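These are my notebook entries on one structure, kept in the order in which I looked things up. I begin with the surface and then turn to the contacts between chains.

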Amino acid sequence: MIVQVLDIGLVALLLTLAGWTILARFTFPAVVSYVAYGLLLSLIWVRLFAVDVALTEAAIGGGFTGVLLIAAASRLRTTTPTEQGPAAPLRWAVAVLSALATLALAIVVLLLPDPSPTLAPQAIDNIAITGLGNPVTAVLIAYRAFDTMLEKCVLVLAVVGVWSVASDRYWGGAPSAPRAVAQSGALTLFAQLLPPLGILIGIRIFWVGADEPGGAFQGGAILAAMWMIVMMASLGDAPAISKRWIRIAVVAGPIVFIGVGVLGFATAGGFLAYPAGIAKTVIIFVEIFMTLSIAAALPMLVAGPPIQAPRL
Amino acid sequence: MTLVLNLFSIGAICAGLVFFVAGTVGLLRFPDPLSRLHALTKADNIGLGLVVLGLLPFANGVLGGLKLMVVWVLVQLSGATVGQLIAQSMRRNGPNA
Amino acid sequence: MSAATLAGLTGAVLAGLGLYGFIIHPDPLRRVLAFNVLGSGVFLLFGILARRGAAAGLLADPVPQALVITGIVVAFAATALAVALLVRLSEETGRVGLHAEVPAQTPGDGADG
Amino acid sequence: MTDFLFAAAVFILFMVAIGLVRVLYGPHDADRAMAAQLFGSGGIASLLLVASATHVRGVEDVAMGLALLAAFASVAFVNSVAAAGDDGVSGK
């Protein structure tokens, strides 16, 4: 009984926050609503028993998206206001269209078979081969390894894309993280206390990912956040994008992943196949590099294109 | 023994709830941003601390209990830092920037 | 109604809400926000498929969960790229709209245009 | 006991949700950031209560992740206010 109250309350709150995000008059309240919305989403994912997803949403929705959008909202507010939105009739037409889309999706939700077709038994039956204990990690890194590899390539492409937005004269220089103008005592202390604990937690979440909720992405995202808080407190500068180490760090994950995948032809008879017996060792090896690349790529995505001339 | 522990938990969690109520009331009713800041940075830290205290008896072993404590320490640290930063920022730039 | 169905219907509403915001907002940053709301609605639809597929001792089907994790990462990468483009556009032209016919006011320097 | 934990989670969520009114009506941007911060603590408290009531594995890790990142949005807010403050910009 009380569980239904909780679920309905969560959903009502989620919809309210989404509504504010879309309908608020000004951009800043919309962004803050969206940050709270991301936090609430990870609660909903816990209620759906998808703890791995909840962890990802907590790191991305609660942390990185918030920093990215708040910094962007405040940088864009100095520009002149934009043109008007569409006129009332068009607005209504769009509302009707959106309502129809919602209706169609809702009908699909109600018509789909319950329980739905599932791959859970197959995931469990074959998990012994991978040596893993967490079926979600097994899907990500073994059964559907191709998706995960492409996802890591997307991250690299996004970093390249963000960097290439730079003005010509700044190419090769350093981005400015959304950092403090001056150091402040409280923030400095915070950025000194948080990383030791955060790095421990990040490595733990990466490590237990083989058997429990967690994994390379969630652990890497937390490590990335620790690097970012150091930059946000102006205790460390963002690296110039021409630095070799940052470029290697960003591409290491996908390169190692592809390399191991190609080796799979020789050792296990197929692309991205892992040799039997030592599959878990190979998986952990790949995941270490993926974690490193994620920890390097996410702060670079938030920091944006370089805005300082390279030091020659 | 279980009954005593349950009563302890219920007591601690209920006390925590009171502080969350206080935080919200303060945030809504206090007249200016600085006093609102004062209300909420106190309330949410103690509220969460009491909830964690109440949940400790049900914790999943020593590691589970340790994690609960870490959560509280982290929120405590975040709350204290954010309180300082927002207050400094309001003094320097006004509440609206 | 089960928690999964409730979440699914919520996902449907969020997708519609996101679509509405994505079309009507003239401000590109608001469109990015709306697109993220739309995306999270779609992810929730995957979530109910996962929850309804609970079997073999698992509380949710791991395959849709893994797809959602991949999706969240890709959505973030796309958001970051979009924001970088927007900030750059506003630096270059002093405005944040997307209409091409409005002439740009004095670009920063010709080499970058 | 389980029902009590759920009820406590509902209550906290309801309380911090009321505080969210400050996100929409401000009046200042600092108030909006504060409301989000309170919502963060309340959300973490609810999450811990729900985790304790349902015994799902790994939820404490989610709570730790949220707690680690709880201050990030507010720090970004303060930093961007300081950056904009130099130009004397105000308003929404």
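Accessible areas come from the Shrake-Rupley method with a 1.4 Å probe, and for residues only the protein chains shown count as cover. A salt bridge is a side-chain nitrogen of Lys or Arg within 4 Å of a carboxyl oxygen of Asp or Glu.

I noted that this is a predicted model, in which local features need pLDDT of at least 70 and side-chain atom pairs count only at pLDDT 80 or more, while totals for chains, interfaces and linings use all residues. Residues are numbered from 1 along each chain as its sequence is written, chains are lettered from A and ligands numbered from 1 in the order in which they are written, and side-chain values use heavy atoms, with hydrogens and water left out.

Entry: I looked up the elements of chain A and found 12 helices and zero strands, where helices (H or I, at least four residues) and strands (E, at least two) are DSSP runs numbered from the N terminus. The C-alpha atoms of chain A fill a box of roughly 65 × 60 × 35 Å along the principal axes. On the surface I found a nonpolar patch formed by A:F146, A:L150, A:I258, A:V262, A:F265 and A:F271, with about 530 Å² of accessible area together. Both α8 (145–164) and α11 (244–267) of chain A supply at least two of the patch residues, and α11(A) gives the largest share, three residues. A:F271 I placed in the loop between α11 and α12 (279–303) of chain A.

Entry: chain A against chain C. I read off 91 residues of chain A in contact with 78 residues of chain C. The buried area (the accessible area, 1.4 Å probe, that two parts lose on being put together, summed over both) is about 7,200 Å² here, with 77% from carbon and sulfur atoms. A:I22, A:L48 and A:V109 supply 9% of what chain A buries against chain C, more than any other three residues. Across this interface I found zero salt bridges, but 11 residue pairs in polar contact, both residues at pLDDT 80 or more. A polar contact is a pair of N or O atoms within 3.5 Å; within protein, one must be able to donate a hydrogen and the other to accept it, and residues adjacent in sequence count only if both atoms are side-chain atoms. Helix α3 (residues 51–76) of chain A gives the most to this side, with 14 residues.

Entry: chain A against chain B. This contact takes 10 residues from chain A and 11 residues from chain B, and about 820 Å² is buried between them, 76% of it on carbon and sulfur atoms. In chain A, A:A186, A:F190 and A:R204 lose the most area to chain B, together 45% of what that side buries. The count of salt bridges between these two chains is zero.

Entry: A:R204 again. I found A:R204 in a salt bridge with D:D61, the closest N and O atoms being 3.5 Å apart. This pair crosses between chains, from helix α9 (residues 185–208) of chain A to helix α4 (residues 59–68) of chain D.

Methods
Contact = heavy atoms within 4.5 Å. Patch = residues over 30% accessible without salt bridge, like charges linked within 9 Å, V, L, I, M, F, W, Y side chains within 5 Å.
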